[in-house]
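Please open the structure in a viewer and keep the sequence alongside.

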Amino acid sequence: MPLVKINADGPFLPPDTRERLRQALDATPAGAPVVICIHGYKFSPHVPAHDPHDHILALDPGLTSRKVLSWPRALGFGTGTAQEGLCIALGWEARGTIWQAYDMARQTGEALARLIWKMDRPVQLIGHSLGARVILSALPRLPAVAVRRAILLAGAEFRSVAYHALDSEAGRTVEILNVTSRENRLYDLMFEMALRPDHGASRALGAGLGALRRNWCDLAIDNVRARAVLDRLGYPIPAPDRRVCHWSPYLRAGLFDLYRVALRTPERLPLALLQDELQSLTLQAPPRSRWRAQESVASPLSFSRKASS
């Protein structure tokens with residue numbers, strides 16, 4: 001049973017969740033990864049044409065679109081091997097206005113926390129867009145080491161919410177990789193203009209955390225030097241080929257090779273190592289690039305020593 005589909009109803013889970021998890025975890029060897037995947041805006045498990053379980057959260061998607069890519073398969077599930085672990089696809093109602101979906105993402109964060117409380121082992125998380133808000137909303141409701149690592153893809157959330165999450169028990173022990181790109185800057189700008197953060201005015205996470213935390217790493221995949229670091233570590237990815245793209249952090253070739261290792265075998269890619277490698281390049285002169293109009297050459301870590309809003 002490599003994939004379990006669970007749909008949250010606001011902050012609540014289906015009544016049979018505990019039993020389904022028990023059966024799935026009993027069949028999952030100790031030490032095998034448990035990864036929860038969370039979609040973002042515009043999906044709904046109740047609308048067939050927008051069902052995430054027939055799209056990015058499916059082992060074999062039935063929907064067709066250039067944005068369809070099976071996250072579970074890309075993360076190494078569905079192989080039939082005993083050690084592949086367990087993937088949990090968390091669906092939630094993310095349609096309606098952006099204001100409705102933003103509030104529902106917070107509620108779904110409560111459901112995600114309830115789901116993780118039912119586990120008998122730490123989990124890994126990956127979420128796109130408002131899925132990042134789901135993850136960050138869950139952390140303050142969890143104990144230490146409940147989540148080992150989380151990956152945020154073009155996260156639709158604010159720095160202040162991230163700070164609040166990081167100052168919690170679970171937030172102090174989790175490792176977070178925040179994947180950003182200037183391809184998403186139009187969406188970040190609209191997000192900042194339209195929404196009010198829960199914990200004070202601040203920038204969107206597309207600008208990075210704004211402060212150095214050893215358990216948080218901002219990875220700007222449009223950055224020439226950041227890609228050079230990834231290539232040196234064995235994860236080559238191409239330069240962006242679009243000026244505007246909200247889905248680049250999971251559609252760009254090669255990125256899921258990085259995510260698969262980061263989530264399934266975190267010890268092979270220590271976050272501190274990635275941080276140090278990226279930080280070392282910020283001390284060097286920026287490389288010349290004929291594509292500077294398209295590619296960022298700003299700091300690939302996107303942090304300052306002093307937190308800023």
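A polar contact is a pair of N or O atoms within 3.5 Å; within protein, one atom must be able to donate a hydrogen and the other to accept it, and residues adjacent in sequence count only if both atoms are side-chain atoms. The model is predicted, with local features requiring pLDDT of at least 70 and side-chain atom pairs counting only at pLDDT 80 or more, while totals for chains, interfaces and linings use all residues. Residues are numbered from 1 along each chain as its sequence is written, and side-chain values use heavy atoms, with hydrogens and water left out.

**First stop: Ser70**

Select Ser70, in the loop between β2 (34–38) and α2 (71–74). Helices (H or I, at least four residues) and strands (E, at least two) are DSSP runs, numbered from the N terminus. The side chain of Ser70 reaches the backbone nitrogen of Arg73 at 3.2 Å. Is Ser70 buried or exposed? Ser70 is buried, at a relative accessible area of 11%; buried means under 20% relative accessible area, exposed over 50%, and partly exposed in between (1.4 Å probe, protein chains only). With neighbours within four places in sequence set aside, Ser70 is in contact (heavy atoms within 4.5 Å) with Ile56, Ala58, Leu59 and Pro61.

Next, select Ala105 in helix α3. Ala105 is buried, with a relative accessible area of 0%. Leaving aside neighbours within four places in sequence, its contacts are Trp92, Leu130, Arg133, Val134 and Ser137. Ser137 lies 32 residues from Ala105 along the chain, and the C-alpha atoms of the two are separated by 8.0 Å.

Now display helix α4 (130–138). Nine of the nine residues of α4 are buried, so this helix is largely enclosed by the rest of the structure. Among these buried residues are Leu130, Arg133, Val134 and Ser137.

Which residue occupies the loop between β4 (123–128) and α4? Ser129 is found there, and its phi is near 60 degrees, a positive value in a residue other than glycine. Ser129 is buried, with a relative accessible area of 5%. Val145, in the loop between α4 and β5 (147–153), also has a positive phi of about 60 degrees although it is not a glycine. Val145 is exposed, at 52% relative accessible area.

Select residues 159–166, helix α5, of which seven of eight are buried. The buried residues are Arg159, Ser160, Val161, Ala162, Tyr163, Ala165 and Leu166. What covers them includes α3 (98–117), α4, α6 (169–173), β6 (175–180) and β7 (216–220).

Move to Met190 in helix α7 (residues 185–194). Met190 is partly exposed, with a relative accessible area of 45%.

Finish at Arg260 in helix α10 (residues 255–264). Arg260 counts as partly exposed, at 27% relative accessibility. Leaving aside neighbours within four places in sequence, Arg260 is in contact with Ala74, Leu75, Gly76 and Thr265. For a distance check, select Val34 as well: Arg260 and Val34 are 226 residues apart in sequence and 12 Å apart in space, C-alpha to C-alpha.
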